[in-house]
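Reader: I have a model open and would like to go through it with you. Could we start with the terms and then turn to the details?

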Amino acid sequence: MNNTVAVLPGDGIGPEVTRAAARVLSAVRPDLECVEALVGAAALSKGLPPLPPETRSLCDRSVAILFGSVGLPQYDGRPLKERPEYALFLLRRDYELYANIRPVRVFSGLEQASSLRKELIEGLDLVVVRELTGGIYFGKPKEIRVEEGVEVAVDTMVYRAPEIERIARIAFELARGRRRLVTSIDKQNILESSRLWRRVTTRIAAEYPDIRLEHLLVDNAAMQLVREPKAFDVILTENMFGDILSDEAAILTGSIGNLPSASLGAARDGRQFGLYEPISGSAPDIAGKGVANPVAAILSAAMLLRISLDDEMGASRVEDAVGTAIAAGARTADLVHDGERSLSTDAFTERVLQALSG
Ligand code: IPM
Ligand code: MG
């Protein structure tokens with residue numbers, strides 16, 4: 001069996017949280033071979049492209065990718081292909097990782113960390129299903145050009161019906177194991193791509209008579225998410241709306257540092273290849289200080305175990321260990337309130353490792 005996991009720490013807090021997650025992964029599954037490679041600014045700073053060929057070939061031969069984060073402010077002015085984020089574009093595009101799954105759960109004990117009232121988020125459990133290889137991120141043309149002496153920038157939001165069908169099916173299947181409600185989010189009052197989105201999701205819903213499908217416009221959805229988040233079960237949406245709404249959903253849990261994700265495509269050699277990453281960015285302001293919250297990265301490793309390695313037991317052990325550590329008061333700086341003591345990334349990870357072996 002292929003036991004290689006590509007570990008791509010990347011930039012900012014990526015290395016700190018990804019190595020924490022790799023430690024937890026190795027503790028649960030010593031049989032895995034975690035191999036690190038450069039990505040993003042970490043590669044660019046060595047004169048390599050954002051996704052160097054060696055990194056790509058490691059990914060090719062791996063069962064899954066454990067990813068940190070990419071992006072640093074000093075690259076902001078460069079064209080896309082020379083920016084760290086381009087690595088993520090290539091990985092998503094070339095491995096066709098079209099289904100981005102972002103579960104949003106509030107750990108018991110962390111309700112006070114949320115900016116919403118406790119009763120609104122206590123027990124919150126929803127999942128964002130974000131289309132990841134289409135829409136405005138990838139549509140062509142995508143360029144800045146000069147027209148009659150004026151700079152013009154264009155991005156193209158394009159969806160083909162089969163792209164909507166396959167992501168809709170993922171959402172409906174997921175809903176079957178949950179509360180059987182899919183909320184599809186679009187902007188059909190103004191966007192043609194959203195009109196197609198609504199038509200296709202409605203058509204696919206007919207194959208799932210046991211699931212309720214609701215539609216919301218994205219502006220309204222953004223509001224409902226902070227008004228009554230527990231009314232959601234599965235959120236199904238296109239690439240950019242999913243990017244925005246998943247950050248909003250993440251902060252409901254107290255910190256964006258809590259939210260894991262899985263990016264999945266078609267199965268490969270009978271296994272579900274995937275890329276697993278925290279949804280938060282590289283947070284350069286706190287990078288290198290050893291204070292970043294590794295929860296999202298550790299929970300991403302749990303998703304890797306469950307989905308790519310079919311190891312439900314390993315995944316639950318990791319999730320339970322995080323829950324136990326948090327319930328016992330372990331908190332990184334982003335999660336403390338009212339004078340609670342905060343732990344470093346490493347100290348928090350130790351508490352998770354202790355809970356694992358306990
Ligand atoms: C995410 C991130 C990425 C995205 C960036 C880093 C390109 O924000 O995964 O949510 O926009 O998809
Ligand atoms: Mg994002």
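This is a predicted model: local features need pLDDT of at least 70, side-chain atom pairs count only at pLDDT 80 or more; totals for chains, interfaces and linings use all residues.

Reader: Where do the two domains run?

Author: The domain assignment gives domain 1 as 1-106 + 254-358 and domain 2 as 134-236 + 245-252. Their centres, taken over C-alpha atoms, are 25 Å apart.

Reader: And how much area do they bury between them?

Author: Domain 1 and domain 2 bury about 1300 Å² between them, with 68% of it on carbon and sulfur atoms. In terms of contact, 16 residues of domain 1 meet 13 residues of domain 2.

Reader: Changing topic: which residues are around ligand 1?

Author: They are E85, R92, R102, R130, Y137 and D243. By class, this shell holds 5 charged residues, 1 nonpolar residue and no polar ones.

Reader: What polar atoms lie by the oxygen atoms of ligand 1?

Author: A polar side-chain atom of R92 is 2.7 Å from an oxygen atom of ligand 1, and one of R130 is 2.8 Å from an oxygen atom of the ligand. For Y137, a side-chain N or O atom lies 2.6 Å from a ligand oxygen atom.

Reader: What share of ligand 1 does the protein bury?

Author: Taken alone, ligand 1 exposes 320 Å², and the protein buries 78% of that.

Key: Residues are numbered from 1 along each chain as its sequence is written. Chains are lettered from A and ligands numbered from 1 in the order in which they are written. Side-chain values use heavy atoms; hydrogens and water are left out. A residue is near a molecule or strand if one of its heavy atoms lies within 4 Å of it. A polar contact is a pair of N or O atoms within 3.5 Å; within protein, one must be able to donate a hydrogen and the other to accept it, and residues adjacent in sequence count only if both atoms are side-chain atoms. Accessible areas come from the Shrake-Rupley method with a 1.4 Å probe; for residues, only the protein chains shown count as cover. Ala, Val, Leu, Ile, Met, Phe, Trp, Tyr, Cys and Pro count as nonpolar, Asp, Glu, Lys and Arg as charged, and the others, Gly among them, as polar. Domain bounds come from an automatic or database domain assignment. Contact means heavy atoms within 4.5 Å. Buried area is the accessible area (1.4 Å probe) that two parts lose on being put together, summed over both.
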